[in-house]
Amino acid sequence: MSVRIDETDRKILGELQRDAAQSLEDIAKAVGSSKTPVWNRIRKMREAGIIGQQTVILDAEALGFEACFFVLIRTSEHEAGWQAAFLKALRDRPEVQEAHRLAGDIDYILKVRVKNARAYDVFYQALISEVRVHNVTALLSMEELKSTVALPL
């Protein structure tokens, strides 16, 4: 289903990105509309797949996940069986917050959130016991300068 996005839709999406828990009334007020048209627009954007699952953003450090590693993976394996095993290994590990297949010298990059370096090593040992990789480089983030899931509408 294809949906055209206008300026009001962008304002609604902006409000939802800012705080999806706010009331429909608050969103309508912020975009200069009433609740029913705003609800209809939200429903159409959900049906079109523009709006996906709603969740909350937790504070990792407050929950004890103080270490964030960016893991660069190079592999010489590219057949379907290896890729399926690699994808399963990533999906089975909640420590992996993001995984991307890249163009260039590095094949994959992972964002891994763990409690500490020892927990990262447990993750690393488990990963390499399941899938063969040519080279793994782990970069510890010293400080998060910016993090957002909001799109620039």
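These legends walk through several close-up views of a predicted model.

Local features are shown where pLDDT is at least 70 and side-chain atom pairs where it is 80 or more, while totals for chains, interfaces and linings use all residues. Residues are numbered from 1 along each chain as its sequence is written, and side-chain values use heavy atoms, leaving out hydrogens and water.

**View 1. Here are the two domains of the protein.** The domain assignment gives domain 1 as 7-48 and domain 2 as 61-141; such bounds come from an automatic or database domain assignment. Taken over C-alpha atoms, the centres of domain 1 and domain 2 are 37 Å apart.

**View 2. Take a look along helix α1.** Helices (H or I, at least four residues) and strands (E, at least two) are DSSP runs, numbered from the N terminus. Helix α1 covers residues 7-18, and its 12 residues should span 16 Å at 1.5 Å a residue, which agrees with the 16 Å between its end C-alpha atoms. The expected span is 1.5 Å times one less than the number of residues. Asp9, Ile12, Leu13, Glu15 and Leu16 are buried in α1. They sit on the same side of α1, because they cover an arc of only 160° around the axis. That arc is the one made by the directions from the helix axis to the C-beta atoms. Buried means under 20% relative accessible area, exposed over 50%, and partly exposed in between (1.4 Å probe, protein chains only). The buried residues of α1 pack against α2 (24-31) and α3 (35-47).

**View 3. Now zoom in on Ile12.** This residue lies in helix α1, and Ile12 counts as buried because its relative accessibility is 0%. Leaving aside residues up to four places away in sequence, Ile12 touches Ile27, Val31, Val38, Arg41, Ile42 and Met45. Contact means heavy atoms within 4.5 Å.

**View 4. Val56 makes a handy contrast to look at next.** Val56 is in the loop between α3 and β1. With 61% relative accessibility, Val56 counts as exposed.

View 5. A nonpolar core is a set of buried Ala, Val, Leu, Ile, Met, Phe, Trp, Tyr and Cys residues joined through side-chain atoms within 4.5 Å. The largest has 17 residues, and Leu110, Val112 and Leu127 touch the most other members. At least two residues of this core come from each of β1 (67-74), α4 (80-91), β3 (108-114) and α5 (117-130). There's also a second, separate core of 10 residues, including Leu16 and Ile27.

**View 6. Last up is helix α5.** In α5, Tyr120, Phe123 and Leu127 are buried. They cover an arc of only 60° around the axis, so they are on the same side of α5. Arg118, Val122 and Ser129 are exposed on the face turned away from the buried side of α5. Asn116 caps the N-terminal end of α5, placing a side-chain oxygen 3.2 Å from the backbone nitrogen of Arg118.

Terms used: Polar contact = N/O pair within 3.5 Å; in protein donor to acceptor, adjacent residues only side chain to side chain.
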